[in-house]
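Please read it alongside the sequence and the model.

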Amino acid sequence: MRRPSEIGGREAMKSNRNMSRAEGRRLENVALIAFMLGSLVLLSLFRPRFSPTGKTGEAIKAAEQQAMRKESVRMETLDIADEAAALVEEEEETQPKPSDNSSSTALAADHHLRLSKPVCYESSRRSDTCEATGDVRVQGRVQTIHVSPLEQEWKVKPYCRKHDAFALAHVKEWALRPLHGDAPRCTINSSATAFVLSTGGFTGNLFHDYTDVLIPAFITAHRYAGEVQFLVSSFKSWWTTKYLEIIQLLSKHEVVDIDDDHEVRCYPSVVVGPTFHKELGMDASKTPAGSSMVDFRAMLRSAFGLERATATPSGDRWDIRRRPRLLIISRRSSRRFVNEHAMVDMAMSLGFDVRVGDPDMSTDVSKFARLVNSADVMVGVHGAGLTNMVFLPAGAVLIQVVPYGGLEWLARGTFKEPSPDMQIHYLEYMIQVDETTLSEDYPKDDPVLKDPYSIHKQGWDALKSVYLDKQNVKPHLGRLKNTFMEALKLLPHGRQSD
């Protein structure tokens, strides 16, 4: 029989041997953990700035599905034929991320570690931008820009809907390549900055003209004070002519149809792809000179000779009590006001000077801009025509009539949220089930009327075909009158003296 003390001594020795082995293993584990942590720290320095892509296709799809669950449906794609605008989530407050680039390598990332940002980067969730300085040679016919110094090739589509495959199918890809000894010689030299952008995509739809091209172009080019040359890819002569007054205030140089250009144009610097901030707006904190929508709208007034900066009475001698003007944006196809004439009569009874405007692709921009600028209140059903709000004077009122079908999210992202930055008052009139022509086309218990969100779940095409393409509206005059009276209270009108 072993004595208790013996057993205790042996167990203690055995325990000490076990502790020695365990301690050794712990030291090994600590060393392994320290190595792994050190590796993670090193990776954290590289990955945020040099990841060759922003989000994968799967990640983008998952994000869209999550957003769809949050607000029934969140679509970024918009067919050019319809006038519904897309809603995107707020921009992330992050540093620029590298743009998609198949030739990006770990070695290139290591070489560029000292740079504040790569040559091409994700300037927002909707846009990729490339910036280069040095010996820049542009070959437009082959969509190629030779640059020295440049270490690797970059590719980008210069249009602000980078995740919209349908839009980008109509946008040509541009390549920035290192300048080699066999590079083409310059045939035209310029001291300006070259600015490559595309008028492909959804241009021709008024909302997209401003959201995808004109406002991003202002964000990008305004800092150069005119010393920038627009090299337009997927050039549309009618589009450029339509907005030439705007372009000429941003650039002192001729606009070039760059895809059909036989020259080798040389510049000291180049920007490929405009920068997007948000729908029908910009973030002043992100622009180089703190420019805002107030500055953009001031430029529009200068471009089109608009007289009214604010919605104050004119004080004209011939009408010292000038009545506030109401502009009704009329539509020819879907989402029409069925009782438009009755709306005019009702508004006139309230003291409004009423005008009706029907803008389309062929409308003279300058002429229609002057009509909008003369208005104090503008009302219309959700659609591209409401984009004309950019011409309203500060202090004016926009009334968006939202079609039936749970489209509040679409109305909010396209015209409600941009209003404050334009110094415009915003009111909303929601169409009820008895004010839509859909109630004449579908039974009362049909999901189209009873459960609009079940239609949303079928996707954008289903939603669009029913609530945007097949619906006209007939607002209740009594309820609409209350909205018009609310608009009157927001205006700075009153009797004016000479």
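Four of the five residues of strand 4 (residues 144-148) are buried, so strand 4 is largely enclosed by the rest of the structure. Buried means under 20% relative accessible area, with a 1.4 Å probe and protein chains only. Strands are DSSP runs of E with at least two residues, and helices are runs of H or I with at least four, numbered from the N terminus.

This is a predicted model, in which local features need pLDDT of at least 70, side-chain atom pairs count only at pLDDT 80 or more, and totals for chains, interfaces and linings use all residues. Residues are numbered from 1 along each chain as its sequence is written, and side-chain values use heavy atoms, leaving out hydrogens and water.

**Strand pairing** (at least two DSSP bridges between two strands)

- Strand 3 (residues 127-139) runs antiparallel to strand 4, and five bridges join them.
- Opposite arginine 137 stands histidine 146 in strand 4.
- The hairpin of strand 3 and strand 4 has four residues between the strands, and glutamine 143 takes a positive phi near 50° there.
- Strand 6 (residues 174-178) pairs with strand 4 in the parallel sense over four bridges.
- Alanine 175 in strand 6 stands opposite threonine 144.

**Helix packing**

- Helix 9 (residues 340-349) packs against helix 16 (residues 477-490) at an angle of about 45°, and their axes are 10 Å apart.
- Ala342, Met343, Met346 and Ala347 in helix 9 meet Leu477, Leu480, Lys481 and Phe484 in helix 16, where contact means heavy atoms within 4.5 Å.

Definitions and conventions
Axes are lines fitted to C-alpha atoms, for helices over the stretch in contact, and angles run from 0 to 180 degrees between N-to-C directions. Buried means under 20% relative accessible area, exposed over 50%, partly exposed in between (1.4 Å probe, protein chains only).
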